[in-house]
Amino acid sequence: NCLIHFYKRSSMASAGAALGAGKKVALTALGAFSGVGAAVAYKLDQSVKADLTLHPPHLAWSHKGLLDSLDHASIRRGYQVYKQVCAACHSLRYMAYRNLVGVSHTEAEAKAEAEEVQVQDGPDETGEMFMRPGKLSDYFPKPFANDAAAAAANNGAIPPDLSYIVLARHGNEDYIYHLLNGYCDPPAGIELRDGQHFNPYYPGGAIGMGAPLYNEIIEYDDGTPATLSQLAKDVCTFLTWTASPEHDMRKKMSIKGLGMLTILAGLAYYLKRHKWSMIKSRKIFYTPKTPKLTSS
């Protein structure tokens with residue numbers, strides 16, 4: 001009986017070991033097939049995206065260096081482009097006229113810009129709302145009263161707010177620049193609905209906004225030739241500033257911070273060498289104790 005139980009247990013153990021090895025092989029194969037399948041699906045997805053969307057090439061912007069500031073003359077021209085072209089449809093709800101002071105305009109110029117718009121204020125002493133000229137503390141006016149009015153005026157499409165548009169799009173200012181310059185006729189096989197335009201840099205290619213810029217659409221105050229590329233470059237620089245008004249100050253603070261850290265690192269290294277020099281140069285000798293010899 002003992003031998004029978006021993007053989008039964010041995011056979012069950014060998015069968016369990018075989019089953020465990022089979023499970024390991026099956027799980028390994030399943031994991032390998034899953035990984036390969038996921039990699040193939042990812043590559044196919046990327047290839048499809050590459051066919052449907054044209055990624056904007058990287059441009060050498062003057063403010064992209066670690067120590068480079070924004071071109072403030074370009075910011076001023078970009079504000080002029082926004083004011084005369086983009087502001088008809090797009091808002092800058094998070095920017096106030098006071099933000100222009102010391103960046104692209106003097107205080108007097110910014111006040112003059114604000115006074116060109118009428119702002120609803122009140123109530124007055126009679127309880128009525130009234131219109132007044134804008135002040136530096138007022139935000140840029142919205143082109144539409146609400147999203148419904150914006151959609152009704154643009155074939156159902158709501159123009160996005162441009163305050164943070166550079167940070168909200170993949171490619172940042174590169175995307176905005178190529179989008180403004182990328183309008184063209186649709187290739188064969190692509191049909192657009194009424195009111196749509198083709199732009200290969202826009203996801204899907206069909207965009208509701210027509211080409212907003214073209215050569216000499218405005219006249220710059222400083223006499224710069226208003227070519228399409230210049231207009232796009234200036235408005236992109238302006239929108240980069242609206243998305244990151246602290247851009248220049250952040251780089252100034254980084255220079256100061258890195259300079260202080262460099263000095264502190266040198267002092268810390270000197271202090272470390274000073275404190276540890278005695279310990280590192282110290283030699284320790286071990287003298288074993290010898291048993292005393294007793295005289296017999």
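The backbone oxygen of V103 sits 2.8 Å from a polar atom in the side chain of H72, a polar contact, meaning a pair of N or O atoms within 3.5 Å, where within protein one must be able to donate a hydrogen and the other to accept it, and residues adjacent in sequence count only if both atoms are side-chain atoms. This is a predicted model, in which local features need pLDDT of at least 70 and side-chain atom pairs count only at pLDDT 80 or more, while totals for chains, interfaces and linings use all residues. Residues are numbered from 1 along each chain as its sequence is written, and side-chain values use heavy atoms, with hydrogens and water left out.

Let us stay with H72 for a moment. You will find H72 in helix α2; helices (H or I, at least four residues) and strands (E, at least two) are DSSP runs, numbered from the N terminus. H72 counts as partly exposed because its relative accessibility is 29%; buried means under 20% relative accessible area, exposed over 50%, and partly exposed in between, using a 1.4 Å probe and protein chains only. Leaving out residues up to four places away in sequence, H72 touches V103, S104 and D248, where contact means heavy atoms within 4.5 Å. G102 is 30 residues away from H72 along the chain, and the C-alpha atoms of the two are separated by 9.6 Å.

Helix α2 also holds R77. R77 counts as buried because its relative accessible area is 11%. The side chain of R77 makes a polar contact of 2.9 Å with the side chain of D234. Apart from neighbours within four places in sequence, R77 is in contact with D71, Y220, D222, T224, Q230, K233 and D234.

Now step back to the whole chain. The protein has 8 helices and 4 strands, and from the N terminus on they run α-α-α-β-β-α-α-α-β-β-α-α. Of its 296 residues, 26% are buried. Among contacts between residues at least 6 apart in sequence, 62% join residues at least 24 apart.

What lies in the interior? The largest nonpolar core has 39 residues; such a core is a set of buried Ala, Val, Leu, Ile, Met, Phe, Trp, Tyr and Cys residues joined through side-chain atoms within 4.5 Å. Y97, F140, I176, F238 and L239 are the residues with the most contacts inside this core. At least two core residues come from each of α2 (72-84), α3 (107-115), α5 (165-168), α6 (173-181) and α7 (228-243), and α7 supplies the largest share, 8 residues. As for L239, its contacts beyond four places in sequence are L162, S163, I165, V166 and I176.

Helix α6 is mostly covered, with 8 of its 9 residues buried. These buried residues are E173, D174, Y175, I176, Y177, H178, L179 and L180. Their cover includes α5, β4 (206-207) and α7.

Next comes the open space. Rolling a probe the size of a water molecule over the atoms shows where empty space is left. The largest pocket has a volume of about 850 Å³. On a 1 Å grid over the protein atoms alone, a pocket is an open set of points where a 1.4 Å probe fits, with protein on both sides within 12 Å along at least five of seven lines, and lining residues have an atom within 4 Å of a point. Grid points are joined across faces, edges and corners, and the volume is the space filled by probe spheres set on the points.

Which of the 35 lining residues are closest to the centre of the largest pocket? They are H90, P160, L179, I207 and M209. The elements giving two or more residues to this lining are α5, α6 and α7, and α6 gives the most, with 4 residues. The lining divides into 26 nonpolar, 8 polar and 1 charged; Ala, Val, Leu, Ile, Met, Phe, Trp, Tyr, Cys and Pro count as nonpolar, Asp, Glu, Lys and Arg as charged, and the others, Gly among them, as polar.

D138 is in the loop between β2 (130-133) and α4 (147-153), and D138 counts as buried because its relative accessibility is 10%. A polar atom of the D138 side chain lies 2.6 Å from the backbone nitrogen of K135. Beyond four places in sequence, D138 is in contact with A96, Y97, V119, R132 and P133. Finally, S277 belongs to helix α8 (residues 247-280), where its side chain reaches the backbone oxygen of H274 at 3.1 Å.
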